[in-house]
Amino acid sequence: MAVYICSKCGTLVESNSIPSGAGCSQGSHLWYKVCSNGSITPKAGTRPYQCRKCGKVIYCSSIPSGAGCPAGGSHLWYPL
């Protein structure tokens, strides 16, 4: 499953398609896919990564995308 992050509020979701824009505390969600094969909880075959800028932790089978950091600019993902 893919992992998406809203660059406005920092919400993380797992979804097979782009999530709805409704319900963001900052207006409408602005989603970025940060991981094509991953999770927001530990799963077999994934590794934990944390962004040094926003502090979010996700579990991916490969290095996550840098797009959409809610702290501004690009994520700085590091393996935990």
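Two strands are said to pair if DSSP finds at least two bridges between them. Strands themselves are DSSP runs of E with at least two residues, numbered from the N terminus.

Good morning. The structure before us is a predicted model, in which local features need pLDDT of at least 70 and side-chain atom pairs count only at pLDDT 80 or more, while totals for chains, interfaces and linings use all residues. Residues are numbered from 1 along each chain as its sequence is written, and side-chain values use heavy atoms, with hydrogens and water left out.

I begin with the hairpin of β1 and β2. Strand β1, residues 2–6, runs antiparallel to β2, and 4 bridges join them. Within this pairing, Tyr4 has Val13 of β2 as its bridge partner. The hairpin has 5 residues between its strands, and Gly10 there takes a positive phi near 85 degrees.

Is His29 buried or exposed? His29 is buried, because its relative accessible area is 13%, and buried means under 20%, with exposed over 50% and partly exposed in between, using a 1.4 Å probe and protein chains only. Leaving aside residues up to four places away in sequence, His29 touches Cys6, Cys9, Thr11, Ser20, Gly21, Ala22, Gly23 and Cys24; contact here means heavy atoms within 4.5 Å. For Cys24, moreover, the backbone nitrogen lies 3.5 Å from a polar atom of the His29 side chain.

In general, strands of a sheet pair through backbone hydrogen bonds, either parallel or antiparallel. In this model, 4 strands form an open sheet with antiparallel pairing, in the order β4-β6-β5-β7. At its edges are β4 (38–39) and β7 (77–79), each of which pairs on one side only.

We may follow that order strand by strand. β4 pairs with β6, residues 57–60, over 2 bridges in the antiparallel sense, and Ser39 stands opposite Tyr59 in β6. β6 also pairs with β5, residues 47–51, over 4 antiparallel bridges, where Arg47 faces Cys60 of β6. The hairpin of β5 and β6 has 5 residues between the strands, and Gly55 takes a positive phi near 85 degrees. Finally, β5 and β7 are antiparallel and pair over 3 bridges, with Cys51 opposite Trp77 in β7.

Thank you for your attention.

Key:
Polar contact = N/O pair within 3.5 Å; in protein donor to acceptor, adjacent residues only side chain to side chain.
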